[in-house]
Amino acid sequence: MDCLKNSLAHVSVSWLASLALIATINVAQAQEQRRGDASLRLEFQSIRTGTFVADGADFDYWTTDTQVALVSGDYAINDRWTVFAALPYVRKRFNSEVPWGGDPHNPNDPYWIDFVPPDTRFWDDGSYHGDFQDFSIGLSYRVVKGPVTLNPYISYGVPATDYPFFAKAAIGKNLWTIPVGTTISYVPYFSDWHFNGNLAYVFSEKPMDANVDYWLAHLSAGYWFKANLTVNAFLSLKYTLDGVSLLSPIFLDEGAAFPPDYPGDFDTEEWWQHDRLIGNRNLNFGLSADYFFSPEWKVSGSAYQSVWVEETTEIDYAFTIALTRFFGGK
Amino acid sequence: MNVRTVLLTGLATTLIAGNAYACGDSLYRVGKGVSYRVYTAPLPGSVLVYGSSEGAEQLAAELARSGHGVRFVDSDEDLQSELGSGAYDVVIAAFSDQPAVQAGTSAANGAPVFLPVAQTDEEEARARQDYERVMVAEDDEIKHYLKAIHQTLKGGR
């Protein structure tokens, strides 16, 4: 008896911290989703972008700083269905990195002759401009099979405000989207590792009738160092199937010479909407960590940067920090 | 409010298309994110834990949390009584308590498999002569106990 007392003391010490935190749950609760289970998350993001890569050419004369405050939450309708929603507030500024100004996008420039922009807001003045971006709401369905959990989902994102999209400091594309995807989570039995995948096809509003649908993917692998602390590595991908290059001739006036005169030959509606039409593709890599202070509160952080881009700007660095509050259902 | 951790299967996050850049793009992830670590027993069994320490009691609680049916006893009398019921698949106790466990299981129908916990290297060596699976106090965590129980159950005891 004394022997077990001593030997299990090791177990006791090893698990004391986590036991204190998870003392209020049982396995049935942990495995099941119940009506009323909910979470509310407040996240801040800080992102610096640098070089724009288009068809192998680098444009490296401006940067942008983006700050995002993202409020999101979810609510379990029952043991299978969950509704979720998110609303980001985004502020962003354009920074010239060259003496000649870095090519700010100004809809009031005199070269706009053949096509005159209907929205003359100028956001590339070097100051922060912000607004609520795209409100998203969606529904997911939960399927559990052993250590694997699948959550197919569909959501709808719609611009919450009529923010401008012709600017390097634009906060978005001002297009509605419908992501349809699924998550898959795998937590091996008796393991401290966990793996998560997420793949979505995003149906997008068609600017100028162009198909700019794209794929989103997120893969992560994490390790629980303690029951309430995990560190994760992740890859995130956006891949636009179609879309055009920034160097495409569709942005030019008809009959423009080659090489074209910039910006004189670019007073077209296509150029006005070029940020919506370009086929962005990027792959980011990052690290993240999640720490539970209690069963109700979790703090999360991540850092990531681009490892590959096409027709988009590289993320020089991005940091996020988030606080999540959990609510238990009945 | 009944606050609880609901996140074992809450790894799910949802990708939404937040286009935070002009001439670029980003995405936001919405959802619970990574959960608490909670081990689960894919084959729930009946486990008897014998000991008098807080650690033994917590081990029993952890095994129960993972999905096993667990009974914790801290006296020899209760041990003998429970073993005599024949209701258990596995009994966990210190290797030094082997005589008491054997006394209780010899007369029982459907005797449970003894999963001894060795305190020292010498104990471990001796235990391995008699038992296929031996837990080592200084090395093994709850997941190792769960794995050993699972292997026992999977092997038809």
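Helices (H or I, at least four residues) and strands (E, at least two) are DSSP runs, numbered from the N terminus. Everything below comes from a predicted model, where local features need pLDDT of at least 70, side-chain atom pairs count only at pLDDT 80 or more, and totals for chains, interfaces and linings use all residues. Residue numbers start from 1 along each chain as its sequence is written, while chains are lettered from A and ligands numbered from 1 in the order in which they are written.

**View 1. A:S245 in its loop.** Look for A:S245 in the loop between β12 (229-240) and α3 (269-272) of chain A. Buried or exposed, or something in between? A:S245 counts as partly exposed because it has 17 C-beta neighbours inside 10 Å; the cut-offs are 20 or more other C-beta atoms within 10 Å for buried, 12 or fewer for exposed, and partly exposed in between, with C-beta atoms placed from the backbone. Leaving out residues up to four places away in sequence, A:S245 touches A:A54, A:D55 and A:E311 (contact: C-beta atoms, placed from the backbone, within 7 Å). A:D261 sits 16 residues from A:S245 along the chain, and their C-alpha atoms are 17 Å apart.

**View 2. The β14-β15 hairpin of chain A and its partner β1.** Strands β14 (297-310) and β15 (312-327) of chain A pair antiparallel over eight bridges; pairing takes at least two DSSP bridges between two strands. One residue separates β14(A) from β15(A) in this hairpin, and A:E311 in the turn has a positive phi of about 55 degrees. On β15(A), A:A318 stands opposite A:Y304 and also opposite A:I47. Strand β1 (38-54) of chain A runs antiparallel to β15(A), joined by 14 bridges.

**View 3. The open sheet of chain B.** Here five strands line up in parallel as β4-β3-β5-β6-β7. At the edges are β4 (69-73) and β7 (135-136), each pairing on one side only. β3 (46-50) and β4 share five parallel bridges, and B:S46 faces B:G69 in β4(B). Helix α1 (54-65) packs on the sheet, touching β3 and β4, with its direction at about 170 degrees to that of β4(B). Angles run from 0 to 180 degrees between N-to-C directions, and axes are lines fitted to C-alpha atoms, for helices over the stretch in contact.

**View 4. Helices α2 and α3 of chain B.** α2 (76-85) and α3 (98-106) pack at about 35 degrees, with axes 8 Å apart. Among the residues that meet are B:L79 and B:L83 from α2(B), and B:A100 and B:A103 from α3(B).

Notes. Two residues are in contact if their C-beta atoms, placed from the backbone, lie within 7 Å.
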